[in-house]
Amino acid sequence: MKKIQTLRAVLVVLLMSIVLGESLFSQEKQNLIVAGSENAYKPFAYLDSKNNPIGFDNEVLQVVMSYIPNARLQIVSVPWNVIFTGLDSGKFDVVANQIAKNEQREKKYLFSKQPYFYGVSGLILGKDSRITHIKELNNTKIGVTVGSNHAANLEKYVQEHPEQNITIMYYKTSPALVADLGNGRIQAMINDPASAADYAKSQHVQLTVTDFAFEKIPVYFIFRKDSKRLAQTLNEALEQALRDGKISELSIKYFGVDQTK
């Protein structure tokens, strides 16, 4: 009889261990939030000398996660041209990589309720250029990163102004775009001046930033449509971080001004 009772006790302990183990494992998995980033877009998202993800967008994520109890953040690096594919396939849960809204994206993804940054889609030229407006650029090549809002802005402009005979050159990464502007393969680029200036400095390329800009672009987190619960959690955390001024502090740290408003 005692043997049977002992056996029962052992079985109960084993069952409890399995259940608790599964519970703890599930909880640990649930607390992990995986973010996707190209990590090749300084100063917004890039890797340091030890391949750790750093930059404004990555630090924004880290600050926001600090408002979510027990949350753990993992940032996965992928090329920009497959960043949306990675989100679609479930490789990661959220993207924070200077993503702006457009009609196509809004149909497919959830966006955070509030932007965490306002970028600029501006005209940038090579060294010593005296051009101040895009209307002065005729029969020229202008570079953009493929799939970006900068590309969409330029595509619309070129379609509306065929008389200028502008050729759009597409690049997978911003460093390659800046390099080609520096060596004269293209005559201008549409990008965020803050990012372009950082890459130009590292490549010893001199740029001319104009006052012309297509728009001031609000930047958001994006999620899959089936991630409503996660989106709500991050929305609440982002709202608190913005209210506390934590994101403004990061903007001033990286750009010298508050670009969160």
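**Helix packing, salt bridges and a buried serine**

Helix H6 crosses helix H7 in a right-handed manner (right-handed if the near helix is turned clockwise from the far one by less than a right angle, left-handed if anticlockwise). This is a predicted model, in which local features need pLDDT of at least 70 and side-chain atom pairs count only at pLDDT 80 or more, whereas totals for chains, interfaces and linings use all residues. Residues are numbered from 1 along each chain as its sequence is written, and side-chain values use heavy atoms, with hydrogens and water left out.

**Overall architecture**

- The protein contains nine helices and twelve strands (DSSP runs numbered from the N terminus, helices being H or I with at least four residues and strands being E with at least two).
- Of its 261 residues, 45% are buried (buried is under 20% relative accessible area, exposed over 50%, and partly exposed in between, with a 1.4 Å probe and protein chains only).
- Among contacts with a separation of 6 or more, 74% involve residues 24 or more positions apart (a contact is a pair of heavy atoms within 4.5 Å).

**Helix packing**

- Helix H6 (residues 174-182) packs against helix H7 (residues 193-203) at about 65 degrees, with the axes 9 Å apart (axes are lines fitted to C-alpha atoms, for helices over the stretch in contact, and angles run from 0 to 180 degrees between N-to-C directions).
- H6 and H7 are therefore roughly perpendicular to each other (angles of 65 to 115 degrees count as roughly perpendicular, under 35 as roughly parallel, over 145 as roughly antiparallel, and the rest as oblique).
- In this pair, Ser174, Pro175, Val178 and Ala179 of H6 meet Ala196, Tyr199, Ala200 and Gln203 of H7.
- The axes of helix H2 (residues 56-65) and helix H9 (residues 246-255) come within 10 Å and cross at roughly 160 degrees, which means that H2 is roughly antiparallel to H9.
- The crossing of H2 and H9 is right-handed; H2 contributes Phe56, Glu59, Val60 and Val63 to the contact, and H9 contributes residues including Lys246, Ile247, Leu250 and Tyr254.

**Salt bridges**

- The count comes to eight salt bridges (a side-chain nitrogen of Lys or Arg within 4 Å of a carboxyl oxygen of Asp or Glu).
- One of them joins lysine 108 and aspartate 88, whose closest N and O atoms are 3.0 Å apart; this pair links distant parts of the chain, with lysine 108 in helix H4 (residues 103-108) and aspartate 88 in helix H3 (residues 83-89), 20 residues apart.
- Lysine 108 is partly exposed at 45% relative accessible area, and aspartate 88 is partly exposed at 35%.
- Arginine 185 and aspartate 180 form a salt bridge with an N to O distance of 3.0 Å; arginine 185 is exposed at 54%, whereas aspartate 180 is buried at 13%.
- Lysine 261 pairs with aspartate 258 in a salt bridge of 3.9 Å, N to O; lysine 261 is exposed at 67%, and aspartate 258 is partly exposed at 28%.
- Salt bridges with shared partners also join Asp93, Arg224 and Asp226 into one network.

**Serine 37**

- Serine 37 lies in strand E1 (residues 32-37) and is buried, with a relative accessible area of 1%.
- The side chain of serine 37 makes a polar contact of 3.2 Å with that of asparagine 97 (a pair of N or O atoms within 3.5 Å; within protein, one must be able to donate a hydrogen and the other to accept it, and residues adjacent in sequence count only if both atoms are side-chain atoms).
- Apart from neighbours within four places in sequence, serine 37 is in contact with Ala45, Asn58, Ile75, Val76, Ser77, Val78, Ile83 and Asn97.
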